[in-house]
Amino acid sequence: MQRDESRNYVIEKFPNVDIIFGTNNIWKLPELLTESYNGTKLAMDIEENALSIDDKLGANRLYNFKSYVNIMYGCNNFCSYCIVPYTRGRETSRRPGEIIREIEDLARHGTKEVTLLGQNVNSYGKTLDEKFTFSNLLEEINDIKGIERIRFMTSHPKDISDELIYSFKNLDKLSNFLHLPVQAGSSRVLKMMNRKYTKEDYLRTIDKVKNVNPNIALSTDIMVGFPGEEEEDFMDTLDLIKKVEYDTAFTFIYSVRENTPAANRTDQVPDKIKHERFERLLDVLYPIQEKKNKAFIGREVDVLVEDISKKNESKVSGRTDEFKLVNFDGNANDVGNIVKVKIKDANSFSLVGEKVES
């Protein structure tokens, strides 16, 4: 509903709709419900940019031991396949003091792991009045008592700084895991995507990260079948995967998003070719993931236990510092705690372990 075209279509075609609000106004829903209930024919509130974010509102959270915290809203990147800048508005950073207070409160209520969220966390702070970078924010959170792990996503390759890369060496609570979406391994396709970096730029960044922290686990997003993608471009993507050796990856087949530049291209890749390339991508990716996971066999790792198995109450699962999923024997008392686990086996998607008794 942030987009004029979508909003006007609903107003014209669906006169029975009572309330319309945008992604920047979700927190106003109670007010709009009251307005509609009191007789307003169409209660509507659209805010183009998330310039004023009400941080006084509380939140219901699924877990008390791990929490997600928004540090910024919107996006300024305009990747040619993405609708987010048009629906979420321009980039806006929350004030650091508000974020710190929220996380301190979470820690007092038992949160051990916090994940910082933003469409591009690397550009955090650019809309603030004072100079305050994402690395500065991580340093502040690292000092909060009770917080044991810090994660973040998503991180845009064009904006990752040396300062942030060195945080993976200097901050003891920052998880040994970096999600850095590449989308494609072809510089030609990356230019068409408007990603503003080349394959070579991305690989240089990965080299920096590995030099600072050789044991870091790496994750990414990869899109197959972007309009105009040729076989040579796809082979560049496979080459990049082999060079980086990702621990895990979120893989997608390109699908059209209306009103994005990519949707209007006349060189759409046929579905048959997209699916064939996708299978070839997984054939390269999965053995690498399995190799990376098998390297954990015999190691003792700290696992934040998150769930009990729905099929077997004596089985639990959780995540390592590297975001590896581990399954092992345990019970309800383990949930929410960080326990020591020795890895016994592994496959492409998870590890199997045994709790180390203290």
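When I speak of an angle between two helices, I mean the angle between their N-to-C directions, on a scale from 0 to 180 degrees, with each axis being a line fitted to C-alpha atoms over the stretch in contact. With that in hand, and bearing in mind that what we have here is a predicted model, let me begin with helix 9, residues 231–244, and helix 10, residues 271–294, which pack at an angle of about 10° with their axes 10 Å apart. Because angles under 35 degrees count as roughly parallel, helix 9 is roughly parallel to helix 10.

Which residues meet there? From helix 9 they are Glu 231, Phe 234, Met 235, Thr 237, Leu 238, Ile 241 and Lys 242, and from helix 10 they are Arg 277, Arg 280, Leu 281, Val 284, Leu 285 and Ile 288. Sorted by class, this contact of helix 9 with helix 10 comprises eight nonpolar residues, one polar and four charged.

Now to helix 6, which takes part in two pairings. With helix 5, residues 134–142, the axis of helix 6, residues 162–170, comes within 8 Å, and the two cross at roughly 25°, so that helix 5 is roughly parallel to helix 6. On the helix 5 side the contact is made by Phe 134, Ser 135, Asn 136 and Leu 138, and on the helix 6 side by Glu 163, Leu 164 and Ser 167; by class, that is three nonpolar, three polar and one charged.

The other pairing joins helix 6 to helix 8, residues 199–212, where the axes again come within 8 Å but cross at roughly 30°, which means that helix 6 is roughly parallel to helix 8 as well. This crossing is right-handed. Helix 6 contributes Asp 162, Ile 165, Tyr 166 and Lys 169, while helix 8 contributes Thr 205, Lys 208, Val 209 and Val 212, and the classes here come to four nonpolar, one polar and three charged.

Terms used
Residues numbered from 1 in each chain as written. Predicted model: local features only at pLDDT ≥ 70, side-chain atom pairs only at ≥ 80, totals over all residues. Heavy atoms only, no water. Helix = DSSP H or I, 4+ residues; strand = E, 2+ residues; numbered from the N terminus. Parallel < 35°, antiparallel > 145°, perpendicular 65-115°, else oblique. Contact = heavy atoms within 4.5 Å. Nonpolar A, V, L, I, M, F, W, Y, C, P; charged D, E, K, R; others polar. Left-handed = near helix turned anticlockwise from the far one by under 90°.
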